[in-house]
Each structure stands twice: as structure tokens, then as C-alpha cells.
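Please look over the sheet and its helices with the report below.

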Amino acid sequence: MKDIPVNERPYEKCFANGPDFLTDNELLSVILRTGTNGISASDLSNQILKGEGGQDSLLSIMHLSKEQLLKIKGIGKVKAVQILCIAELAKRIASVDAYSGLRFDKPSSIADYYMERLRHLEREKLIVMYLDTKCRMIQDKVLTMGTVNQSLISPREIFVEALKCNAVNLILIHNHPSGDCTPSKEDIQSTHKIKKAGEIIGINLLDHIIIGDRKYSSIMELKLLS
């Protein structure tokens, strides 16, 4: 950074003109603050933004795991944690923005709420939204993390948690790491199984939403729950 003219250094540019004047690399350099072992913060940022695919993209930050970050020369535990927290913060900001428009009878609003949290994952994750009699959310909870292409859905675990929090309605949300949100045969079968189990104990399954890459499918909208 010392070789860069003062007015071109990321901190000074940001202070003088605002963060929107910074490149992706410069933004990340500001957050990392310093380089290490002869590697500048700018060079570290370049390596992080390239990710494993070799093409510069901010989305690389969303896909890098702790183990992958630690393999990058110059990235230790502290900087790895910084990057992981940036990714998590971005997901949570997106969720907060979508929350104001969240409607439990509108699958698109639910998909918007969970999109950034789920679309970058390389494994399937199942989240259950537990709702009261007026369809207000009591809580949402991650119940399973699956393999690369299969989430392990346990009806027993879903309803044990529902009874604990006195939920009477629930919505399932899970992602397809492939980016294709088309419901699989297994998705449809497991949805019917959970719906029938819920009917026996008086808990309604309202929908099962599948998150792809910037798109979703709703088993309710597709009329696959009838």
C-alpha cells in the first residue's frame, strides 16, 4: 500500500468519496486492513475474489469455506473469520430487507427471505418455519444438513419441535445446490409423507418451498399438495 499514491489508497478514497467509489478489491482490502508475510492486502483480496474458479467475483466470498480460506497463502484464522463474517453479514442484511415483505401465504416472499441464506450452499439444508394459529412465525429452525444432493428429512424431528413450540402450521424450505429448483420425486414424496403425518396430530403443512439460484418452486403453487 505504501507504493500507492495517498489519494489512491482504499482508506483515503473511501474517506474522501465514499465506499461506492471503491472497487470490489479495494472494499475487501479495507476490511482485511493489512497483508501478511510480504503479501499486500490488495493481493490477498485478489486471491479471495478469484476463489476456486479463477474468475473475479464477489460471489466467491459466499462460497469459500473455512478450510478453503486457510489454504490461501497469507490467510490465517483471524482473516478467515473476517471473510466468513462478511459473507454471513451479507446474508443477514438480505434477510432483514426481505422480512418487511414476508407473507406466509405468498411463497415468493418466503423465497426472497431465505434466498441469500440458501442459494450459495453446496449442500442441502432444510429449514422449518413454525407458525401459530394466525400464521405468525414462532420460530424457524434448521433441522437437517444433507449431502450434496439430498436432504435427510425426518418427520419425527419436525413434529417433535412443532409440539415443543406449540406450532399449528409449518412451512418447509430447502435448497437445491445445483441451482435447479424443480421439485424432485423425493421432494414430492417426502412432502406428502409429512403432510399426512401432520394431519393425524393436527399440524398443517402449508407449503414446501425449494430454493434454487435466484429462483424457487412452491409445491403449493404447483398444486402438488392436493
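## Strands β3 and β4

I171 stands opposite D207 in β4. The two strands, β3 and β4, pair in the parallel sense over 7 bridges; strands count as paired if DSSP finds at least two bridges between them. From β3 the chain crosses through helix α9 (residues 185-201) to β4, and this β-α-β crossover is right-handed. Right-handed means that, with the strands pointing away from the viewer, the path from the first strand over the helix to the second runs clockwise. Helices (H or I, at least four residues) and strands (E, at least two) are DSSP runs, numbered from the N terminus.

This is a predicted model, where local features need pLDDT of at least 70 and side-chain atom pairs count only at pLDDT 80 or more, while totals for chains, interfaces and linings use all residues. Residues are numbered from 1 along each chain as its sequence is written, and side-chain values use heavy atoms, with hydrogens and water left out.

## The sheet

The sheet is open and has 5 strands in the order β2-β1-β3-β4-β5, with mixed pairing. β2 (137-145) and β5 (216-218) stand at the edges with a single partner strand each, so one side of each lacks a neighbour in the sheet. From one strand to the next, the twist averages 20 degrees.

Strands β1 (residues 125-131) and β3 (residues 169-175) run antiparallel, joined by 6 bridges. V128 has L172 in β3 as its bridge partner. L126 stands opposite H174 in β3.

## Burial of β3

In β3, 7 of the 7 residues are buried, so the strand is largely enclosed by the rest of the structure. Buried means under 20% relative accessible area, with exposed over 50% and partly exposed in between (1.4 Å probe, protein chains only). In a regular strand, side chains alternate between the two faces of the sheet. Both faces of β3 are covered: N169, I171, I173 and N175 are buried on one side, L170, L172 and H174 on the other.

## Helices

Helix α7 (residues 107-118) lies across β1, β2, β3, β4 (204-211) and β5, and runs at about 50 degrees to β4. Helix α8 (residues 155-164) packs on the sheet and touches β1, β2 and β3. Its direction makes about 30 degrees with that of β1. Contact means heavy atoms within 4.5 Å. Axes are lines fitted to C-alpha atoms, for helices over the stretch in contact, and angles run from 0 to 180 degrees between N-to-C directions.

In helix α3 (residues 41-50), the residues A41, L44, S45, I48 and L49 are buried. Seen down the axis of α3, these buried residues fall within an arc of 130 degrees, so they line one face of the helix. The arc is that of the directions from the helix axis to the C-beta atoms.
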